[in-house]
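Student: I would like to work through this model with you, one point at a time. Please give the criteria along with each answer.

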Amino acid sequence: MEIQQLEQIASQVRRDILRMVSAVNSGHPGGSLGCTDLFVALYFEVMRKKLDADGKPVFSMDGKDEDLFFLSNGHISPVFYSVLARSGYFPVAELATFRKLDSRLQGHPTTAEHLPGVRIASGSLGQGLSVAAGAAFAKRLNKDDKQVYVLMGDGEQQEGQVWEAAQFIPNKKLGNVTAIIDYNLAQIDGTTTGVNDNRDLAAKYRAFGWDVKEMQGNDMADIIKTLKDAKYDHDVPTLILMHTLMGYGVDFMAGNYKWHGTALNPEQMANALGQLPVYAGMEDY
Amino acid sequence: MKKFDYTDKKDTRSGFGAGMHELGKTNPNVVALTADLAGSLKLDAFIKDFPDRFIQCGIAEANMIGVSAGLTIGGHIPFATTFANFATGRVYDQIRQSVAYSEKNVKICASHSGLTLGEDGATHQILEDLGMMKMLPNMTVICTCDYNQTKAATLAIAEHVGPVYLRFGRPVLPVFTPADQKFEIGKAWHMNEGDACSVFVTGNLVWEAVLAGEQLAAEGIEIDLINIHTIKPLDSEAILNSVKKTGCAVSVEEHNILGGLGESIAHVLAQNLPRPQEFVGTKDTFGESGTPDQLLEKYGLKAANIVEAVKKVMARK
């Protein structure tokens, strides 16, 4: 897919995020907007997925012979749901049920409602890297050469379990793991440096045995290039520090941690949606 | 009182190790994980014969639970093993979110449960694990009583789809259950017919309950002895049928009386057939260092305590 086309999809996904969060006046728009370009790149271009005759993705829990994605920082569920729906895992209209009673689109992703595309519950932070490690180990046992992607927050790096997994994965030579950190330097109480400084994450992961790369997470071309050009070493896992702006795509939200978990009021919504065009062939849910 | 003969004494954890070795041969999907306690969990034979399906996680239990959850996604059946304290309390949220809520087919297998871990003391002697695990939706909770039952349960949980907590221990106990038994999850074992008092017992204390039954029988009191090896799902039918006959109950467990088997039984009785019940278990306390036998005696978990509880509850009928 052309870069421009991916960017147009990203514009629609950002509209979805804002409308989903606004509709229930709850949810986490900031990180969702910041990670939109990554999700669009993964699901529309990078990941090798099982498709049916019509080109629609076919979801199976075991994910054998396809690339897998795990969302560890589950609070950015709006972007996950929007991209799953827009790439064909479930009807786009279902986005309107986000965070409502009896919905499959719970506040944080879950397998309990059997939503296609979700393989693990997440929300309580720090667990996704371990789950990805297990799934990658299973792929090795199954002689399945596909890749396992996992996204974490940078605030999430304060959780101890992350470092248990960070040590385990290189030691087990799980080169089929690509871990991505949303490096927006913001968390719900403030900046990551102010709340509990992660210091030099790149150096830390390198010391643990990872191949560390950096990527501009709000530059579609750079995301595609970094992920598609990656020549994965059989034995060495990859860690990508993905530079993003929390709230990217809406000028008054970009770079401000206060939009971590705050919905927009109607006036702000009108302003924000005005900055995010609906392109030909797409429409709001 | 029916006679329970035995020729051998073994630890229940060795029954687990034997079960794992057999599963290694019969079920190619079974994977064993441990957090630096492979020897204590008796995994040596499994590791020797199936090294590719063994994952040494090091001292990182939270990661072990997450890795286990991930392995199920590829169709494997992970058996995550460590001491009961580190298998539950330390990783409760990981089990809650990545295993129970996510409905993952993970088997959490815990040795060194309860006081009978002995000299290591209270930091390692968890007496709350059954309560924590039974409170989790989707979780099956099993506590076994001898080598053979532990081995049979290990084989059975591999066939069961869904998260399981299997609790066993360190003490060397008489091997008195049949070697060829078929372990039925959720089905209580009716060990002795009697009409004086129902005694519901789980885990390491089943043998103490047998001894108590013999002492009581010598005094003309025949207990209805039932081994509840599956704490959840609980065999309510067996409990109610027994108490209908006896009119009173004693629960026996190496666990805090708050949150354990006794509370589950009390819940069934309160709702369906309110009758007096006495609780043999630890009384909302931590343990301490000592030999297993000294600890059982100090904390009131010996046959003599069961005898006393039976007499007390019979007087309340």
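Student: How many salt bridges does the rule find across the interface of chain B and chain A?

Tutor: This is a predicted model, in which local features need pLDDT of at least 70 and side-chain atom pairs count only at pLDDT 80 or more, whereas totals for chains, interfaces and linings use all residues, and side-chain values use heavy atoms, with hydrogens and water left out. Residues are numbered from 1 along each chain as its sequence is written, while chains are lettered from A and ligands numbered from 1 in the order in which they are written. With a salt bridge taken as a side-chain nitrogen of Lys or Arg within 4 Å of a carboxyl oxygen of Asp or Glu, the number found between chain B and chain A is 0.

Student: What area is buried between chain B and chain A?

Tutor: Counting heavy atoms within 4.5 Å as contact, 25 residues of chain B touch 31 residues of chain A. Buried area is the accessible area (1.4 Å probe) that two parts lose on being put together, summed over both. Carbon and sulfur atoms give 55% of the area here, and the total is about 2200 Å².

Student: How much space lies in the largest cavity?

Tutor: A cavity is a set of points on a 1 Å grid over the protein atoms alone where a 1.4 Å probe fits but cannot get out, and lining residues have an atom within 4 Å of a point. Grid points are joined across faces, edges and corners, and a volume is the space filled by probe spheres set on the points. The structure holds 4 cavities of 30 Å³ or more, and the lining of the largest includes Tyr43(A), Met47(A) and Arg119(A). The space in this largest cavity is about 80 Å³.

Student: Which strand gives the largest share of the lining of the second largest cavity?

Tutor: The second largest cavity has a space of about 40 Å³, and among its lining residues are Phe69(A), Phe70(A) and Leu71(A). Strands here are DSSP runs (E, at least two residues) and helices likewise (H or I, at least four), numbered from the N terminus. The largest share, 3 residues, comes from chain A, residues 68-71, strand E1.

Student: Which peptide bond is cis, with omega near 0°?

Tutor: Most peptide bonds are trans. The exception to look at involves Pro233(B), in the loop between strand E12 (230-232) and helix H9 (236-246) of chain B. The cis bond runs from Lys232(B) to Pro233(B).

Terms used: On a 1 Å grid over the protein atoms alone, a cavity is a set of points where a 1.4 Å probe fits but cannot get out, and a pocket is an open set with protein on both sides within 12 Å along at least five of seven lines; lining residues have an atom within 4 Å of a point.
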